[in-house]
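The structure is shown first, and the comments follow.

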Amino acid sequence: MINNKRHLGKQFCSFFFIVITICFSGCAAKNESTTSQKENDSIIVGFSQIGAESAWRNCNTRSVQEAAAERGIQLVYDNAEQKQENQIKALRSFIAYQVDVIAFVPIVTGGWDNVLQEARDAGIPVLVTDRKIEVADQSLYAGFIGTDSLKEGRNAGLFLLEKFKNKSARFAETGEFINIVELFGTEGSSVAIGRADGLREVLKSHPEFRIIYSKSGDFLRSKGYELAVEFLEMYDDIDVIFSHNDGMTLGAIEAMEEKGIHPGKDIVIVTIDAQQAAIDALRGGKVNCVIECNPKTGPEIMKLVEKLAAGEKIPRLQYVQEEVFYETDDLSLIAPRGY
Ligand code: GYE
């Protein structure tokens, strides 16, 4: 049942869209009334995206926009430009706008309790996508759909155990460590925390592996390059780069090649996302393992939005299907990635 306040809000919203239709389309009155009637009945979802920091993110945005259009869902979209305060403002504007559902990618895990309480007071269900949040009251959001970052980190650790099994076996006699450099994602984001924890969980019983450097490149290619310049100056005995996303990896590869270091050979590289450029690097022997993180969640998100708009329950936790690509695979079988 839509309460009067939200009904008025939706009338405002329809008026807003009618105004836009009249201003920009100039189409015949009949079409406008049909359009406005259709818009009156369609679901309105407010979507707060964190920014455009990587190829993965841009693909995720396209997936959401295309899925909303295909299902006739009105998408009120906001790009927070990597600032949590912009996301909170956007969520508040969605509440004022009386959208039917709010969906958002929380740039970091904390700081959402108050604005989600405001959404609940307004009777607007919230879907968390891609990254997770930490709130005192779990009922402040309906559910999560996104990547299992802990599993991604574990897969990275399992690959390294296999890749270095011979050196590991000799550790007791040689005392030779396997030195890991970590390019950390955005500080405080659930995906960076999960990827880091997953790797450490798998390697914690293998003292021959040690992380000698870990800094945040904020999922940015430019910062991946800057950090690589720094750690290549600091260390000459790096065995592995574990990078939380392909963007930072590509920056690090650029820095390595400038110094005459052969990525994938002199230093083993494990990277996460599986954007096309990373798969190309895997095929070129510059990367040794690519862990997929699926950005094409738009269709699943919109299915959940429709359920929430209809007052239905949704799963609390829904992980997307993802796989791992190894240097030993038949890489000709990998389909074009689309991002
Ligand atoms: O790995 C990275 C993007 O939240 C899973 O954010 C996403 C991460 C992804 O910038 O490329």
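1. Does K286 count as buried, partly exposed or exposed? Its relative accessibility is 33%, so K286 counts as partly exposed (buried means under 20% relative accessible area, exposed over 50%, partly exposed in between, with a 1.4 Å probe and protein chains only).

2. This is a predicted model, in which local features need pLDDT of at least 70 and side-chain atom pairs count only at pLDDT 80 or more, while totals for chains, interfaces and linings use all residues. Residues are numbered from 1 along each chain as its sequence is written, and side-chain values use heavy atoms, leaving out hydrogens and water.

3. K286 lies in the loop between α12 (276-283) and β10 (289-292); helices (H or I, at least four residues) and strands (E, at least two) are DSSP runs, numbered from the N terminus. Leaving aside residues up to four places away in sequence, K286 touches I253, E257, P263, G264, I269 and A281, where contact means heavy atoms within 4.5 Å.

4. In helix α10 (residues 221-234), the buried residues are G224, L227, A228, F231 and L232. They cover an arc of only 130 degrees around the axis, which puts them on the same side of α10; the arc is that of the directions from the helix axis to the C-beta atoms. These buried residues pack against β6 (178-184), β7 (209-216), β8 (240-243) and α11 (246-258).

5. In the contact between α4 and α5, I88, L91, R92 and I95 of α4 meet N114, V115, L116, E118 and A119 of α5.
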